[in-house]
Amino acid sequence: MTISVQCACGKNYNTSTANAGKRFACKACGNEVVVPGGAQDDVAATIAWVQEQRDAGHTRGALRQQLVTHGYSEDEAHELVDTALGTPDQIAARRGASRRARSGAMETDSGGDGAGWLIWIGILLLINLLSWIFDWPFWVY
Ligand SMILES: [Zn+2]
């Protein structure tokens, strides 16, 4: 069975699963490439690989998918990506803080209940119009 591994420079390599966890020098750019997968003692290498791939522009989801493709379980892949890039909780905390800052700015920006006021005028005009059409006894002056 072969696995494919991509160097940060974009060059793809196909290698045997027996090489999982091993490192080699990229023929195109000379950078060290780590073959994903392998035994537990290769976790550090895989984490380094995940960080390299993230820096190369891969998303967390894509990285998890790659790890799963290369023999890790869904949970292992999740944990490895979290270990390498920070847990979702840490990221959510950072995101939540910036979102709160943004929504605070929006509250001060919006013009209060201007829209509600327009709706009431609309309803009033509609009642007047219907009263006029159907000769209802509740004209509003
Ligand atoms: Zn390369």
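These questions and answers walk through a predicted model of one chain.

Biologist: How many helices and strands are in the chain, and in what order do the elements run from the N terminus?
Modeller: The chain holds 5 helices and 4 strands. From the N terminus on, the order is β-β-β-β-α-α-α-α-α.

Biologist: What share of the residues in the chain is buried?
Modeller: The chain has 141 residues. A residue is buried if 20 or more other C-beta atoms lie within 10 Å of its own. The share of buried residues is 16%.

Biologist: Does strand S2 lie largely in the open or is it buried, and what is the number of buried residues?
Modeller: Strand S2 spans residues 12-16, which makes 5 residues.

Biologist: In which sense do S1 and S2 pair, and over how many bridges?
Modeller: Strand S1 covers residues 2-6. It pairs with S2 in the antiparallel sense, over 5 bridges.

Biologist: Which residue in S2 is the bridge partner of Ile-3?
Modeller: S1 and S2 are paired strands. In S2, the bridge partner of Ile-3 is Thr-15.

Biologist: Which residue in the hairpin of S1 and S2 takes a positive phi?
Modeller: The hairpin has 5 residues between the strands. A positive phi near 105 degrees is found in this hairpin, at Gly-10.

Biologist: Is Val-34 buried or exposed?
Modeller: Val-34 lies in strand S4, residues 32-34. It has 23 C-beta neighbours inside 10 Å. The cut-off for burial is 20 or more. So Val-34 counts as buried.

Biologist: Which residues does Val-34 touch, not counting those up to four places away in sequence?
Modeller: Val-34 and Ala-45 are 11 residues apart in sequence, yet 6.8 Å apart in space, C-alpha to C-alpha. Ala-45 is one of the residues touched.

Biologist: How are H1 and H3 oriented to each other?
Modeller: Helix H1 covers residues 43-55. H1 and H3 pack at an angle of about 70 degrees, with their axes 9 Å apart. Angles of 65 to 115 degrees count as roughly perpendicular. H1 and H3 are therefore roughly perpendicular.

Biologist: Which residues make that contact, and how do they divide by class?
Modeller: H1 supplies Thr-46, Ile-47, Val-50, Gln-51 and Arg-54. H3 supplies Leu-80, Val-81, Thr-83, Ala-84 and Leu-85. By class, they divide into 6 nonpolar, 3 polar and 1 charged.

Biologist: How are H2 and H3 oriented to each other?
Modeller: Helix H2 spans residues 60-69, and helix H3 spans residues 74-85. They pack at about 135 degrees, with their axes 9 Å apart. Over 145 would count as roughly antiparallel. H2 and H3 are therefore oblique.

Biologist: Which residues of H2 and H3 meet, and what are their classes?
Modeller: In H2, Arg-60, Leu-63, Arg-64, Leu-67 and Val-68 take part. In H3, their counterparts are Glu-74, Ala-77, His-78, Leu-80, Val-81 and Leu-85. By class, this contact has 7 nonpolar, 1 polar and 3 charged residues.

Notes:
Residues are numbered from 1 along each chain as its sequence is written. This is a predicted model: local features need pLDDT of at least 70, side-chain atom pairs count only at pLDDT 80 or more; totals for chains, interfaces and linings use all residues. Helices (H or I, at least four residues) and strands (E, at least two) are DSSP runs, numbered from the N terminus. A residue is buried if 20 or more other C-beta atoms lie within 10 Å of its own, exposed if 12 or fewer, and partly exposed in between; C-beta atoms are placed from the backbone. Two residues are in contact if their C-beta atoms, placed from the backbone, lie within 7 Å. Two strands pair if DSSP finds at least two bridges between them. Axes are lines fitted to C-alpha atoms, for helices over the stretch in contact, and angles run from 0 to 180 degrees between N-to-C directions. Angles under 35 degrees count as roughly parallel, over 145 as roughly antiparallel, 65 to 115 as roughly perpendicular and the rest as oblique. Ala, Val, Leu, Ile, Met, Phe, Trp, Tyr, Cys and Pro count as nonpolar, Asp, Glu, Lys and Arg as charged, and the others, Gly among them, as polar.
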